[in-house]
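Hi everyone, thanks for coming along. I'd like to walk you through one structure today, so let's bring it up on the screen.

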Amino acid sequence: MKLQRLGAIASLALTATFALSACGSDNNEPATGASGSAAAADCATGTLNAQGSSAQKNAVDEWIKAYQQKCQGVTINYEPSGSGAGIQAFTAGTADFAGSDSALKPEEQPAADAKCSGGQAIHLPMVIGPVAIAYNLDGVDNLQLKPATLAKIFAGKVTKWDDATIKADNPGVTLPSTAINAVHRSDSSGTTDNFTAFLSKTAEADWTFGKAKEWKAPGGTGAAKSDGVASAIKGQAGTIGYVEWSYAENGGLKMAKLGNGAGEFAALTAESAGKTIASAKVEGQGDDLKMAIDYNTKEPGAYPLVLVTYEIVCSKGLAADKLPLVKGFLAHAASSEGQSALTELGYAPLPESVRTKVEAAVKNIS
């Protein structure tokens, strides 16, 4: 069942239509490797050091394994330090590229650009990952939560599982009087940025803490990185948290149905996440492929909480000894082969219309 569900992501994502009104290069030719074949690896030698989003760790690990199997004399290190730490490392020059679940803030862009001699720091969407609202509550297997209810829980306004607000979302369900332990990321996190963006857009009256990589609301329990959140949820009854689908699946965690803009409660599935992915827009300029997700999508059946992980890299100005390997590795990640490998890991591959844009942007790095 799991493989059928994850495998369905590929067909959904490949057929999803993105609005690309300001989306960069029109060069959609697939990148070719050393032999001229689209499937061949564009091999280079050397060492890369990158860090950032823990949400994409399983995807990056798979890409590293595949690339190093094809290309000799390569060492690629990826530290899942969190999106905020990854951006800091990139800006400081200690990471050759950064993984981030949110785009650079306007105030962060100049410092990142300064590391790119003659170019700019660009966003390359590489991983699409639904965010699960995972919970640990004995006897409750089909929890439903409206965004406003979710906001009240994480704002500390709803503190018991049998609160009338939660009961209203779950008619006929017996809810225990257990105290709610709401778990959030303790580190600077793009997942937090996306989660708080979702609450800000869908439950503005109940979420007054804005959108940020750092957790701003009082109370709750902090846990470091995605695996820390998943472990905290699994380890204590009464706990709820937000974590990428792959971590929830791997941890065997229950996942709540989430209210969407169509007034439905949508379960997190390949199909429901794909419906929200299909409404996203690429809004960057040139090879900068920043995306905007409509958390209020009214598409029937859509699961509205998804994120995009970017690789942030210089369009120009990479050191001569790093350039071939950065391009080779990112070309593999953006290839059809690299993206199709994600379906068994709980991620959604890029739609083909976006994948070819990313592939072309990687080719243009110099």
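Let me start with a question: how many of the 5 residues of strand β6 (residues 181–185) are buried? Before I answer, please keep in mind that this is a predicted model.

The answer is 5 of the 5, so β6 is largely enclosed by the rest of the structure. For the burial calls, the cut-off is under 20% relative accessible area.

Now, who are the neighbours of β6? There is strand β8 (residues 239–244), which pairs with β6 in the parallel sense over 3 bridges. Within that pairing, Ile240 is the bridge partner of Ala182. Then there is strand β7 (residues 221–223), also parallel to β6 and joined to it by 3 bridges. Here Thr221 of β7 stands opposite Val183. To get from β6 to β7, the chain passes through helix α7 (residues 190–202), and this β-α-β crossover is right-handed.

Let's move to another sheet. This one is open, has 3 strands in the order β5-β10-β11, and its pairing is mixed. Its edge strands are β5 (144–145) and β11 (265–266), each of which pairs on one side only. Strand β10 (residues 257–259) runs antiparallel to β11, with 2 bridges joining them, and Leu258 sits opposite Ala266 of β11.

On to the helices. The buried ones are Ala270, Ser272, Ala273, Gly274, Thr276 and Ile277.

My last stop is a helix pair. Helix α2 (residues 57–70) and helix α11 (residues 323–334) have axes that come within 10 Å and cross at roughly 115 degrees. The crossing of α2 past α11 is right-handed. Which residues meet there? From α2 we have Val60, Trp63, Ile64, Ala66, Tyr67 and Lys70, and from α11 they meet Leu325, Gly328, Phe329, His332 and Ala333. By type, the residues of this contact divide into 8 nonpolar, 2 polar and 1 charged.

That's my tour, and I'm happy to go back to any part of it.

Note on methods: Residues numbered from 1 in each chain as written. Predicted model: local features only at pLDDT ≥ 70, side-chain atom pairs only at ≥ 80, totals over all residues. Heavy atoms only, no water. Axes fitted to C-alpha atoms, helices over the stretch in contact; angles between N-to-C directions. Helix = DSSP H or I, 4+ residues; strand = E, 2+ residues; numbered from the N terminus. Left-handed = near helix turned anticlockwise from the far one by under 90°. Contact = heavy atoms within 4.5 Å. Nonpolar A, V, L, I, M, F, W, Y, C, P; charged D, E, K, R; others polar. Buried < 20%, exposed > 50% of the residue type's maximum accessible area, 1.4 Å probe, protein only. Pairing = 2+ DSSP bridges. Right-handed = clockwise from strand over helix to strand, strands pointing away.
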